[in-house]
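Walk me through this structure, please. I would like to start with backbone details and then move on to the inside.

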Amino acid sequence: MIDPRLQTLRVLHQRGTVTATAEALHLTPSTVSQQLRQLSARLGLELLEPAGRNVRLTPAALALVEHADALFARWEEARADLAGYADGVAGRLRITGVATAIAGVIAPAVARLRAELPRLAVEIGEDPGENRFELLLAGRADIAVVIPAPGGPPPGPGLRSGRGVPPSDDARFTQLPVLEEPQDLLVPAGHRFAGRSAQGVTLAEAAGESWIRAGDPADQHQLLLTACASAGFTPRVRHDAVDWYAVAALVAHGFGICLIPRLAPVPERCPVVRVPLRGEPVPVRRFLAAVRRGSERRHPVARGLAALRAAAGEREAKGV
């Protein structure tokens, strides 16, 4: 068995402080500190050094984290092999993801799992404000449906065939493509684009518009800037909102237009029109399913990933 104190060290490396590590692992800060002191004493090496009011990992600790990442990946693979001897699939699977991913693929995927595997208890969480990779690392989630964002773990080129592990700059996670979600324009009912909901518009045609920076700042805001830059202009942003009902109200009252993901809801009685984008570039959001490296071979995780891919395939067949 792997010394659980190695997991504490890994989470500290991810979170940066003892307090944040304790919060992620549902421990007290004193317990975290004690575990790290015990690990340091067992190895005969200093693992932490002062950094102002906080601590940081020593070079020896950073080397140990690299080995720990490899050990935990192998442990997940071992659990996957042993799970193959079990009679059927049982246990618990927790999936976390952004709201539109829950609505578009996670909920239908879990409904499929409940019908196929009644002994598998599946939990779904949106976990707003949480770093979903940290939830995976701390064992509080098994699958995270995420949107690649600056500062996140690099996804790597994907799985090779067979049992191979995908090359990646991050030894802790495997990330697999799930769904590409086109963006539409959301405009007021009386807007000049409102009558073109069948044929669509190009993004360049909207260069002179006022824009609302809409949706999750972690991905949607950067997507707007990148897409508009590819279309040859910088958007004139006047307002911003995260909740899509608030966004729709701003659009309806003429404060600007915005990009809206195909899976995002629009209030039925709100006087706005969703207009598809055509031509190049058509901005898209890419959903990835992230798991702890090696755990993709465990039966519950593997079945969860397969159900997500099936739900995404059904959406794509319908044109999202």
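This is a predicted model. Start with His 26, which is exposed, at 61% relative accessible area. Find His 26 in the loop between helix H2 (18-25) and helix H3 (29-43). Its phi is positive, about 60°, although His 26 is not a glycine. Most residues other than glycine have a negative phi.

Asp 127 also has a positive phi, of about 55°, and is not a glycine. Look for Asp 127 in the loop between strand S4 (120-125) and H6. Is Asp 127 buried or exposed? Its relative accessibility is 15%, so Asp 127 counts as buried, the cut-off being under 20%.

Now go inside. In soluble globular proteins, nonpolar side chains tend to be buried together. Here the largest nonpolar core has 28 residues. Val 105, Ile 106, Ile 143, Phe 287 and Leu 308 have the most contacts inside this core. Several elements each supply at least two of its residues, including strand S3 (91-97), strand S5 (143-146) and helix H9 (299-317). Helix H5 gives the largest share, seven residues.

Zoom in on Ile 106. Beyond its neighbours within four places in sequence, Ile 106 is in contact with residues including Ile 95, Ile 124, Val 145 and Leu 308. Another core lies apart from the largest one. This second set has 18 residues, among them Val 187, Cys 228, Val 275 and Leu 277.

The lining has 38 residues, and Val 98, Arg 132, Asp 216, Ala 218 and Asp 219 are the closest to the centre. H5, helix H6 (132-137), helix H8 (244-252) and S11 each give two or more residues to the lining. By type, the lining divides into 20 nonpolar, nine polar and nine charged residues.

Notes: Residues are numbered from 1 along each chain as its sequence is written. This is a predicted model: local features need pLDDT of at least 70, side-chain atom pairs count only at pLDDT 80 or more; totals for chains, interfaces and linings use all residues. Side-chain values use heavy atoms; hydrogens and water are left out. A nonpolar core is a set of buried Ala, Val, Leu, Ile, Met, Phe, Trp, Tyr and Cys residues joined through side-chain atoms within 4.5 Å. Buried means under 20% relative accessible area, exposed over 50%, partly exposed in between (1.4 Å probe, protein chains only). Helices (H or I, at least four residues) and strands (E, at least two) are DSSP runs, numbered from the N terminus. Contact means heavy atoms within 4.5 Å. On a 1 Å grid over the protein atoms alone, a cavity is a set of points where a 1.4 Å probe fits but cannot get out, and a pocket is an open set with protein on both sides within 12 Å along at least five of seven lines; lining residues have an atom within 4 Å of a point. Ala, Val, Leu, Ile, Met, Phe, Trp, Tyr, Cys and Pro count as nonpolar, Asp, Glu, Lys and Arg as charged, and the others, Gly among them, as polar.
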